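Please keep the sequence and the model in view while reading.

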Amino acid sequence: MSTAAARTHALPEAAQAAPAPLPTPLPAPAGLAAATRRQRRLAYWQAMPLGLIFLVFFLVPLALTLVVSFWEYNEYEIIPAFTLQNYADVFEGCLSGGDLCTTFRTYLSTLKFCLLGWAATLTIGFTVAYFVAFHVRSTAMQTVLFLICTIPFWTSNVIRMIAWVPLLGRNGLVNDTLMSLGVIRTPIEGLLYSDFSVVLAFIHLDTVFMIVPIFNSMMRIDRSLIEAASDAGATPWQTLWNVIVPLCKPGIAIGSIFVLTLIMGDFVTVGVMGGQQIASVGKVIQVQMAYLQFPAAAANAVVLLGAVTVLIAALTRLIDLRREL
Amino acid sequence: MDIELISLTKRYGDTVAVDGINLKIRSGSYCCLLGPSGCGKTTTLRMIAGHETVSSGDVVIGPKAVGDLPPAERGTAMMFQSYALFPHLTCRDNVAFGLKMRGVPKAERLKRAEAMLALVQMDHLAGRLPAQLSGGQQQRVALARALVTGPKVLLLDEPLSALDPFLRVRMRTELKRLQGELGITFVHVTHSQEEAMALSDLVVVMNGGRIEQAAAPRTVFERPATAFVARFIGGHNVIALPDRRVAVRADRMRLGPEAGPEAQSARVVAVEYQGSTVHVSLEAPNLAAEAGAPLTAILSDHAFAASPFTLGDTVRVGWPAGEAHRLDA
């Protein structure tokens with residue numbers, strides 16, 4: 001209180017002093033305080049665009065989803081109210097024991113895709129990033145190869161998925177080739193519209209999200225560290241495990257978060273590549289939306305959000321991202 | 001172990017970084033590769049270490065030619081200019097790294113790492129990460145890491161250049177002490193002639209990928225072989241006489257009546273007081289080896305006080321006959 005009063009008191013003095021420079025440096029503290037406050041106000045202005053975007057596109061929709069998840073609904077209307085029925089519906093039959101309830105089975109299936117997709121994108125992404133970062137010498141070539149990695153993004157998700165159909169179908173290119181080579185007699189059935197094709201599509205769509213952050217981490221590794229490791233007698237594999245992988249941890253964590261969240265919330269890929277036969281959490285929400293059961297979809301979305309948050313919290317527990325960045 | 005370089009050459013495309021150098025470094029000696037940046041000294045060191053391939057010629061360490069051997073099989077260890085400590089490992093683990101790679105059991109390698117850290121007086125900070133250490137401390141850890149595997153040759157790439165002047169002098173003393181205690185060969189790359197003089201048993205002055213002179217520091221200073229060495233090592237005037245070029249140490253120049261019968265006249269262009277000595281810059285067009293390069297005479301403060309000069313004075317400048325050393329080329 002007293003300092004604030006002193007400040008407001010001092011302010012006119014400083015304002016008076018400003019036009020004619022006085023020989024005495026006395027008004028300086030007041031001027032400094034005013035400058036600090038001005039700077040702080042400026043900082044808020046500078047943070048505002050991002051803050052607004054964050055508010056409008058993230059906090060508000062999230063809050064709305066949360067609110068709607070407690071509303072009631074029937075066949076033809078949505079009723080603002082407060083009920084836990086939607087959440088009870090999500091977990092219906094889950095606590096009774098015996099067979100797994102639909103929700104748990106769906107989550108398990110989605111988690112399985114997560115695990116498979118994550119393991120595959122990590123392996124491929126790390127290998128590609130390692131090759132481009134450490135084995136390609138010229139920066140120009142690195143840029144070119146890096147751009148090539150993004151080429152799949154020039155077409156839409158759905159087209160990229162549909163492109164697999166003539167390749168993997170019962171009479172597709174793969175089956176035809178294998179049969180004409182005499183490797184198989186009858187076409188392989190499980191190529192398309194199966195877990196395999198879903199995971200394949202995930203790898204196709206999401207590997208680049210693994211490559212970019214890992215590549216970024218790798219480019220920040222001082223090349224003399226690699227020399228120091230070989231000087232200390234490390235074989236290339238030892239250098240990889242003891243120097244490169246630990247220093248890529250932040251990139252691996254960020255890439256993993258991208259891939260896991262993308263797969264957790266996916267409904268298109270599982271739908272298209274699974275021939276609309278495979279359940280996923282995102283698919284459940286999408287179907288409920290299609291039937292205008294918004295409160296039920298909202299409750300499912302909140303549960304999904306919780307699951308993803310737990311997943312990422314576990315990941316950041318393994319790697320302290322804030323320290324590593 | 002003895003190191004021998006046999007017409008060692010490194011080419012990058014059309015440019016020759018190291019141009020067929022021959023050198024023999026005796027076992028247990030402290031050798032400094034000295035020269036301006038781009039003279040090929042670091043490339044030479046990296047070829048000895050095995051971090052750079054050899055274009056032609058060979059490196060012999062001890063009894064065997066090490067041409068294509070990987071670094072760890074040469075009996076050498078390198079200390080990098082930026083120290084290259086692993087940022088994710090503590091000091092202890094950094095030092096133990098080489099032992100871990102060789103499969104030394106954990107308890108033993110940590111014990112040996114601790115002992116090595118004690119040798120460089122860093123045992124009290126063994127649990128810290130490199131980012132939590134000052135430059136001087138990081139350097140000690142890098143030194144311990146290089147020495148832990150018991151190399152026969154230690155290669156140092158400008159080890160002192162990142163330190164402040166005070167620490168530099170202290171670390172210099174320490175390096176010399178360590179080298180004496182361990183009795184192994186040190187090869188040290190530097191661009192500071194002062195560092196080379198203070199440390200080495202053998203100074204190798206390099207320029208343009210070639211060796212200008214390789215000799216004991218006293219020999220290099222007393223009898224510089226070429227005009228480049230005389231200029232680079234400092235404290236010398238390169239003087240063009242009608243029939244030859246000579247180097248005369250700046251502190252052996254004589255001014256005024258002492259200058260002798262063959263003295264030439266020169267104009268004083270700068271006088272710098274340095275405490276115990278006074279540096280007088282002289283313009284003598286008849287003597288200058290390069291147009292516009294002044295000569296320097298270093299006088300004791302006594303001598304200067306007895307007969308002071310001011311800017312613009314014309315003085316006689318000469319030197320005792322035995323002090324002029326003929327230069328090659």
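Into which domains is chain B divided? The model discussed here is a predicted one. In this model, chain B consists of domain 1, covering residues 3–222, and domain 2, covering residues 237–326. A distance of 40 Å separates the C-alpha centres of domain 1 of chain B and domain 2 of chain B.

The next topic is the contact between the chains. Chain A contributes 14 residues to this contact, and chain B contributes 17 residues. On the side of chain B that touches chain A, β6 (76–79) and α2 (91–101) of chain B each provide at least two residues. The largest share of that side, 3 residues, belongs to α2(B).

Within chain A, two helices may be examined as a pair. Helix α4 of chain A spans residues 102–135 and helix α9 of chain A spans residues 195–219; their axes come within 6 Å and cross at roughly 45°. An angle from 65 to 115 degrees would count as roughly perpendicular and one under 35 degrees as roughly parallel; α4(A) and α9(A) are therefore oblique to each other. The crossing of α4(A) and α9(A) is right-handed.

| Contact | Nonpolar | Polar | Charged |
|---|---|---|---|
| α4(A) with α9(A) | 22 nonpolar residues | 4 polar residues | 1 charged residue |
| Side of chain B that touches chain A | 11 nonpolar residues | 5 polar residues | 1 charged residue |

Terms used
Residues numbered from 1 in each chain as written. Chains lettered and ligands numbered in written order. Predicted model: local features only at pLDDT ≥ 70, side-chain atom pairs only at ≥ 80, totals over all residues. Axes fitted to C-alpha atoms, helices over the stretch in contact; angles between N-to-C directions. Helix = DSSP H or I, 4+ residues; strand = E, 2+ residues; numbered from the N terminus. Parallel < 35°, antiparallel > 145°, perpendicular 65-115°, else oblique. Left-handed = near helix turned anticlockwise from the far one by under 90°. Nonpolar A, V, L, I, M, F, W, Y, C, P; charged D, E, K, R; others polar. Contact = placed C-beta atoms within 7 Å. Domains from an automatic or database assignment.
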